[in-house]
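Good morning, and thank you for coming. Please look at the structure on the screen while I speak.

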Amino acid sequence: MSDALYGSGSVSDLQLGLLAIGAVVVISVLAYNKWQEAKFRRKAEASLKSHHDDVLMGAAQDRAVAPGRRVEHAQSVRRGERIEPTFDGPAAGMVPAVHAAPEEPLLTDSIDFIVTMEAAEDIDGEALAEAAAAPLAGCSKPVRLEGFDESGAKWESLRPDGRYTLMRAGLQLVDRRGLATDSDLATFGAGVQQACAATGALATVPDRGEAMAHATELDDFCGQVDILIAMHVVAAATPFPGTKIRALAEANGLALEDDGRFRRRDAEGRVLYELAGMDATLFHADTMRATSFSGLTLELDVPRTPDPARTFEQFRDLARKLAQALEGNIVDENRATVSAAAFDRILAQIQAVQRAMAERSIPPGTPLALRLFS
């Protein structure tokens with residue numbers, strides 16, 4: 001596909017391009033849009049008090065999949081809304097291993113509603129964090145507090161032992177649960193002002209209308225590029241022995257984690273792709289020796305994966321290795337074989353997403369993308 005698809009930077013051009021590619025993928029890949037799912041479910045809960053199936057992309061028509069597994073994984077990074085100097089803790093269920101920490105994501109106007117705070121005299125970071133805790137406890141989106149380090153001439157996450165005259169608070173405008181509302185912004189702005197009043201600082205709250213317009217446009221864009229690639233390796237005759245699955249996974253750089261999934265991570269600890277049993281079946285180290293599996297599922301979360309086009313090539317090669325070693329077949333959720341041509345079309349779709357995100361200065365797998373697609 002030509003890079004000219006995104007030459008204008010138009011959201012509508014991007015959408016048409018992705019839909020055109022998705023139409024020819026047919027049923028070779030299960031790739032669905034978590035943002036549209038979240039919107040659909042919120043509407044359903046409001047009107048029917050019930051949940052609907054996931055909304056899929058990359059197919060001629062919507063198809064239902066078992067709900068729950070991807071919802072839990074996609075939202076595992078941020079669930080509780082707390083007020084702390086920073087909210088970027090480790091994901092739950094990680095194996096006890098040391099990973100290099102990625103560059104700390106700072107607040108940015110591209111995805112945050114930022115309120116600047118100034119004081120005539122130094123304010124303790126701990127005092128501001130404590131003053132902000134109660135007023136901002138009701139915010140529905142992640143909140144970050146930062147202070148300006150004058151000695152280093154840079155912004156940093158608010159340190160309890162730091163002293164600042166210039167600070168800022170940010171409410172994330174969009175995540176996988178949808179976009180912030182005008183009420184969210186009003187509550188956040190008032191909460192920051194209350195914290196400032198308690199600490200002797202002055203808050204400057206930006207225009208909410210402009211922020212909401214930007215949030216709506218950003219949410220639409222994210223809805224077009226938030227794609228999960230999933231495919232299955234199924235047994236042709238004999239179920240796969242658990243011991244052989246584990247040996248193959250570990251030989252190809254995946255490690256079994258506490259939540260029952262194998263994952264391959266890069267040097268910074270970012271997930272590249274995952275392996276689980278079909279139908280959400282989890283792996284357990286103490287029972288794999290005596291367990292067999294009728295099928296496996298490989299997943300790649302495109303916007304959260306660094307260099308997803310190149311990573312997909314590794315993902316594809318692993319699927320083929322598993323199928324060959326286990327004497328299985330690579331299929332979609334309808335048990336249709338995934339052909340070499342289908343793999344190529346999926347790669348083209350991922351490349352289009354990767355270009356579009358790079359043009360927005362949100363490359364896949366970067367700290368900013370991990371915040372946005374959480």
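Predicted model: local features only at pLDDT ≥ 70, side-chain atom pairs only at ≥ 80, totals over all residues.

Let me begin with a handedness: helices H4 and H5 cross in a right-handed manner. A crossing is called left-handed if the near helix is turned anticlockwise from the far one by less than a right angle, and right-handed if clockwise. Helices here (H or I, at least four residues) and strands (E, at least two) are DSSP runs, numbered from the N terminus.

Residues are numbered from 1 along each chain as its sequence is written, and side-chain values use heavy atoms, with hydrogens and water left out.

Two packed helices are described by the angle between their axes and the distance between the axes. Helix H4 covers residues 125–133 and helix H5 residues 182–199; they pack at about 135°, and their axes are 8 Å apart. Axes are lines fitted to C-alpha atoms, for helices over the stretch in contact, and angles run from 0 to 180 degrees between N-to-C directions. H4 and H5 are therefore oblique to each other. On this scale, angles under 35 degrees count as roughly parallel, over 145 as roughly antiparallel, 65 to 115 as roughly perpendicular and the rest as oblique. Ala-127, Leu-128, Ala-131 and Ala-132 of H4 meet Ala-195, Ala-198 and Thr-199 of H5; contact means heavy atoms within 4.5 Å.

How do H8 and H9 pack? Helix H8, residues 308–326, packs against H9 at an angle of about 155°, with 9 Å between their axes. That angle makes H8 roughly antiparallel to H9. On the H8 side, the contact involves residues including Phe-312 and Arg-316, and on the H9 side residues including Phe-343 and Ile-350. The crossing of H8 and H9 is right-handed.

H9 itself has 20 residues, 340–359, which should span 28 Å at 1.5 Å a residue; the C-alpha atoms at its ends lie 29 Å apart, in agreement. The expected span is 1.5 Å times one less than the number of residues.

After H9 comes Ser-361, in the loop between H9 and helix H10 (367–372). Its phi is positive, near 60°, although Ser-361 is not a glycine. Is Ser-361 buried or exposed? Ser-361 is exposed, at a relative accessible area of 55%. Buried means under 20% relative accessible area, exposed over 50%, and partly exposed in between (1.4 Å probe, protein chains only).

A second residue with positive phi, about 50°, is Ala-153, again not a glycine. Ala-153 sits in the loop between strand E4 (143–149) and strand E5 (154–157), and with 56% relative accessibility it counts as exposed.

Ile-111 also lies in a loop, between helix H3 (69–74) and strand E3 (112–124), but at 0% relative accessibility Ile-111 counts as buried. Leaving aside neighbours within four places in sequence, its contacts include Leu-171, His-214 and Arg-371. Ile-111 and Arg-371 are 260 residues apart along the chain, yet their C-alpha atoms are separated by 9.0 Å.

Finally, the whole protein: its secondary structure comes to 10 helices and 17 strands, and buried residues make up 51% of its 374 residues. Of the contacts with a separation of 6 or more, 73% join residues 24 or more positions apart. Thank you.
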